Protein chains: 2
Amino acid sequence: MLWQLDSFPGTMDTMSELISVSQAEALIAEHMPSFGSGQVSLDDAVGRVLRQSVHAEHDHPPFDRVMMDGIAVRWSEAMPRRLRVAGSQMAGMRRQSLADADACLEVTTGAMLPDGCDCVIPVEQLRRDGDVYLLRDDCRPMAGQFIHRRGSDCTQGTLLLSSGMRLGPAEMALLAANGVAKVEVANTPSMAIVSTGDELVEVDAPLGEGQIRRSNDTAVRAALRLHGFDRVVMEHIADDEAETRVRIAELLERHDVLVLSGGVSMGQRDYVPEALAAQGVRKVLHRIAQKPGKPMWFGLGPRGQVVFALPGNPVSALVCATRYALPALRAAQGESAISPETVCLDGEVDLNPMLVSFVPAHVKTDDQGRLMATPVPSKTSGDFSSLPRTQGFVQLPPGTGKAPSGTVATFWRW
Amino acid sequence: MLWQLDSFPGTMDTMSELISVSQAEALIAEHMPSFGSGQVSLDDAVGRVLRQSVHAEHDHPPFDRVMMDGIAVRWSEAMPRRLRVAGSQMAGMRRQSLADADACLEVTTGAMLPDGCDCVIPVEQLRRDGDVYLLRDDCRPMAGQFIHRRGSDCTQGTLLLSSGMRLGPAEMALLAANGVAKVEVANTPSMAIVSTGDELVEVDAPLGEGQIRRSNDTAVRAALRLHGFDRVVMEHIADDEAETRVRIAELLERHDVLVLSGGVSMGQRDYVPEALAAQGVRKVLHRIAQKPGKPMWFGLGPRGQVVFALPGNPVSALVCATRYALPALRAAQGESAISPETVCLDGEVDLNPMLVSFVPAHVKTDDQGRLMATPVPSKTSGDFSSLPRTQGFVQLPPGTGKAPSGTVATFWRW
């Protein structure tokens, strides 16, 4: 039988020592600093969080715009079906003018509608004969056709983008179309992911007896980078009291955010808690009523640096990074839409009577449009070999017995 | 009344000229080249498509692993409750040995279980008295407790990751934990997004009469970059026959993929089709029975370069990039999971009797776990001011009247 920390009664904390998931969320949110904002070039803005409003630079379209290649004419019930070419109005040209009702101007898609015209006839409905266009027999032009009217999409000054939006393709198109070459976006904080422990070996080093490779830092860094946090270094500190003090002091000096990927334990050789305390980092919370990830710790440094100490087990570390660190960091950037999804369980899940359960799951919409979550429970919180089959985890409240298939739950994506 | 190309009967193509959405998909898939794969460092692999299998380098855990700080002992029914400290086994140390059943070794989380031990007692259940540990009164140790057994997560050689997975946090953790410092990933093709037209002005240039700013290229580049396609340049070609020939030839020489953001029209001053033909690019498809995006064109160059010519209207361009170019490029990289989601319409949508409709929509899961799509129709295919409120578009088959609220449809995310 395999024993686990979280299920062993002898070490079950009294519930009064644990804070709830929502209390933890609120405490973290309350202590997050702002990382400010700055201007970047449009090219560098992709995927960043917008921190300004964007209004329409001009009417869209900015002029009555020709929608087809063909001719522009002055429409009337009695308009002639034979029209002399009086000139042309190509896309990009200043506005031309049509003087006569029996003449036309050649036009291309995207051109300004020439002065004196109110109808565009596409080339497919025309036959050219020298300097004259003849309307084909089936051509029945109507006033206003193939004209994309000035301001019909939106008028100058319309609010198009608001602070807090993440800049995807559509937002980028609107920035470009409205002349926003320099964009105010949220700064990304400078972050260090810190691992400790002499048993941890680099990914490319020989693995000795009693050793394993560092991997939590790589996972957490990937999660951060895929959410646009690109200023993230990984630092490893050996189990040495003096070195730990010096390095922690340096890291707190240089970075806005520390993420301890190995957690804060009470181990004899864990010098991190003392080193943090020596630098004036104070605990905001420790131990949350959840499984996995109970040992989660969060603290605040003297100049507002935040310290997330993730539990050391791989599943716990990634769950806590996803559930607490990422949403808090995104909210601190001013991002507006970071709520979790709601899913429907496709399979039952064991509940814990005292703790919120976070259960990795594979999600997929079914043929009714429901987002179905198939639990992929790991054998222990150390077992991450099954996580690649999942897209995140469901959050289930404490309870007795099992949450049956069909239960609705919130879902957090990796 | 505002006329639109796609709805004007006079220019309605006979349906036989149009190919279906699924035919277009199949034709594109059939002609996509492979872009090969190559090794990158683990750091550079985040978000890329894996092109190798990864098996467990060793058992996980690689040894019987201590799960708590405390002591390791030899368990028996009659084990003493007073245990002499015979030494210590810290994380990262080679395996120690416990000789006597009345002694113990101090252990830390992550350490090897010492030889001769089969039980770990956490420090919280102990009291130290000189060189002796006393079990607290409520301590009831059991054989095997707090030991994470060698190979219990997975055994050496277990398949952990397969070719075609996109490398997120969990996959990155497994690469690191299994010593994969160099990772075989799909190459990203070299791409150029090409815009043409003298009416198009740079984002930071003064806007003259009859001009608009380039924005389709920015949108498509953002879509590509957010899917990991990072080798994408933007090129603008003026409306000049000689220049168009030279530049198109150069671009086909230098890149694997061209995306024409302004489409291939029959306009008098569109020199692109001729320039492509002159370089041996042959048409694979042109005109798809869909709205927006009917003028979509796809072709193939003499050394396998692919050319996507997106329609010129902003909504059409982004829809076609999302519906055709991105899935095809991702599949060409060997990515395995790129199917669309299924959603439930929250609002009715006008259907087109002949054409597949792509309708931008805002999606959100409801309190039953259903992914609900609220249509956000644009006024014209040129109107992209409402797109920031959407996450993608629903695809609806041709039909008469309206698709009612509640209709199930596929959904493509930007």
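Copies are superposed by least squares on the C-alpha atoms of residues with pLDDT of at least 70 in both. In this predicted model, a rotation of 180° with 0.0 Å of shift along its axis brings chain A onto chain B, with an RMSD of 0.0 Å, which is the relation of a two-fold axis. Among the residues of chain A, the one that comes closest to the rotation axis is Arg370(A), whose C-alpha atom lies at 2.0 Å. Of the interface residues of chain A, 100% are also interface residues in chain B, so the copies meet through the same surface.

Within chain A, the domain assignment gives domain 1 (11-36 + 187-332), domain 2 (38-59 + 154-186), domain 3 (65-148) and domain 4 (341-413). Arg370(A), the residue of chain A that comes closest to the rotation axis, has a number that falls in the range assigned to domain 4. The centres of domain 2 of chain A and domain 3 of chain A, taken over C-alpha atoms, are separated by 36 Å.

Helix H1 of chain A spans residues 21-31, and its residues Val21(A), Ala24(A) and Ile28(A) are buried. When H1(A) is seen down its axis, the buried residues fall within an arc of 60°, so they line one face of the helix. On the other side of H1(A), by contrast, Ser22(A) and Glu30(A) are exposed. The cover over the buried residues of H1(A) includes helix H6 (314-332) of chain A together with several strands, namely S18 (282-286), S19 (290-291), S20 (297-300) and S24 (356-365) of chain A.

Methods:
Residues numbered from 1 in each chain as written. Chains lettered and ligands numbered in written order. Predicted model: local features only at pLDDT ≥ 70, side-chain atom pairs only at ≥ 80, totals over all residues. Domains from an automatic or database assignment. Contact = placed C-beta atoms within 7 Å. Buried ≥ 20, exposed ≤ 12 C-beta atoms within 10 Å, placed from the backbone. Helix = DSSP H or I, 4+ residues; strand = E, 2+ residues; numbered from the N terminus. Arc of directions from axis to C-beta.
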